[in-house]
Amino acid sequence: MGIESTESSGLARETRRLHQERTITAAYPRAHEFLTTHSIDPRNFIPPYDEIMVERDVEHAKKKAAEFTALANTPEKKFLNKSATVLEAVSLDGVRSGWFVNAKKPDIAVWASHTALHDDIVNGIDIITEFTTPGASDYTGLAIDVTYGNANIVKEKIQDEEKKILKGELSELKYFETENYHGRLRNVPRVIIGIDLGHVVTLAEKWITSPETIGEDPMQIIVLREIAKQCEHFASIAREEKKHLRGAATPEQINDGLMNRLDTIIAVYEKNQNMFLEILRNKPMAMRSLVTDKYPDRVSENITSLIT
């Protein structure tokens, strides 16, 4: 590569970096306001919770968030933190605007909220979603951790979920509220959705200039595929653990409680897998084809490589 080519490449990188910074900086105030508006407020839980306990949770979460912010002590780290906030906000708006809607089952209502800071910090959940069908009594929900982090961060998040499953555990929210429920939500399946920085910037641009179109953005296909694949993977982890435990113990040694919890984990992840595969199948073919051909995403590819 000649000197001119090297200089040209360096100029292109700098131009791209400046564009990313300007876009994220412009989107950040809107993202912060959007997440604040659509976040669950722990102080709405007095009662059923004790006021002292709620205030303790609020202050602890604020303290931990301040510690995380203090670690962002370089311009690059501050930019990455702002980018993460923008991605959370755009993802939440996307879900609320139609990403999870099944075109052939419009009667299924999709509700989504940003979690309380306590549940973000303590339970690793950024977005909680709920699907309700008129007349149905069963519950379908999904907890989402949003990231565009490097490979090690994504790997750690996936492994944390796998470890919980091996212990027969699912996620929970201490602060959860809808029209029909107000309190702690247990046994919620959790997935990680990831989008690389380039796509975060693209989404942020659209969110700034034409926010009404975010529900139609093709990036939803990547998100739906990530969720369906993870649900399949986590159900498989629980199924294989059941098989291992049965093979390694006598009938008297089998922990029936753990086996039952693993059955629950398999059931909820399989239910979500089937639901998200159906949502994906009913998205427009043109949108699905466009993403396959034009939207490679490094973070999404990394998630896929970790679970296949």
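Analyst: Start with the pair itself. Lys 157 and Asp 145 form a salt bridge through their side chains, with 2.8 Å from N to O. This is a predicted model. The pair links distant parts of the chain: Lys 157 sits in helix 5 and Asp 145 in strand 3, 12 residues apart. Asp 145 has a relative accessible area of 4%. Buried means under 20%, so Asp 145 is buried.

The pair does not stand alone. Salt bridges with shared partners tie Asp 145, Lys 157, Glu 161, Lys 164 and Arg 190 into one network. The structure holds 15 salt bridges.

Now the strand side. Strand 3 covers residues 140-147. It runs antiparallel to strand 2 (residues 127-132), and 5 bridges join the two. Within this pairing, Ile 127 stands opposite Ile 144 of strand 3. Both strands belong to an open sheet of 4 strands, with the order 1-2-3-6 and mixed pairing. Strand 1 (109-114) and strand 6 (190-194) are the edge strands, each pairing on one side only. On average, neighbouring strands of this sheet are turned by 25° against each other, direction ignored.

Thr 147 is also found in strand 3. Its relative accessible area is 6%, so Thr 147 is buried. Leaving aside neighbours within four places in sequence, Thr 147 has contacts that include Ile 153, Val 154 and Lys 157. Ile 192, Ile 193 and Gly 194 are also among the contacts of Thr 147, as are Leu 87 and Val 299.

Next, the helix side. Helix 5 (residues 151-166) lies across strand 3 and strand 6 and runs at about 170° to strand 6. Helix 3 (residues 75-99) lies across strand 1, strand 2, strand 3 and strand 6, at about 160° to strand 1.

Helix 5 also meets helix 8 (residues 256-281). Their axes come within 9 Å and cross at roughly 135°. The two helices are therefore oblique to each other. Helix 5 brings Glu 161, Ile 165 and Leu 166 to this contact, and helix 8 brings Leu 258, Leu 262, Ile 265 and Tyr 269. Those residues divide into 6 nonpolar, no polar and 1 charged.

How values were computed: Residues are numbered from 1 along each chain as its sequence is written. This is a predicted model: local features need pLDDT of at least 70, side-chain atom pairs count only at pLDDT 80 or more; totals for chains, interfaces and linings use all residues. Side-chain values use heavy atoms; hydrogens and water are left out. Two strands pair if DSSP finds at least two bridges between them. Axes are lines fitted to C-alpha atoms, for helices over the stretch in contact, and angles run from 0 to 180 degrees between N-to-C directions. Contact means heavy atoms within 4.5 Å. Angles under 35 degrees count as roughly parallel, over 145 as roughly antiparallel, 65 to 115 as roughly perpendicular and the rest as oblique. Ala, Val, Leu, Ile, Met, Phe, Trp, Tyr, Cys and Pro count as nonpolar, Asp, Glu, Lys and Arg as charged, and the others, Gly among them, as polar. Buried means under 20% relative accessible area, exposed over 50%, partly exposed in between (1.4 Å probe, protein chains only). A salt bridge is a side-chain nitrogen of Lys or Arg within 4 Å of a carboxyl oxygen of Asp or Glu.
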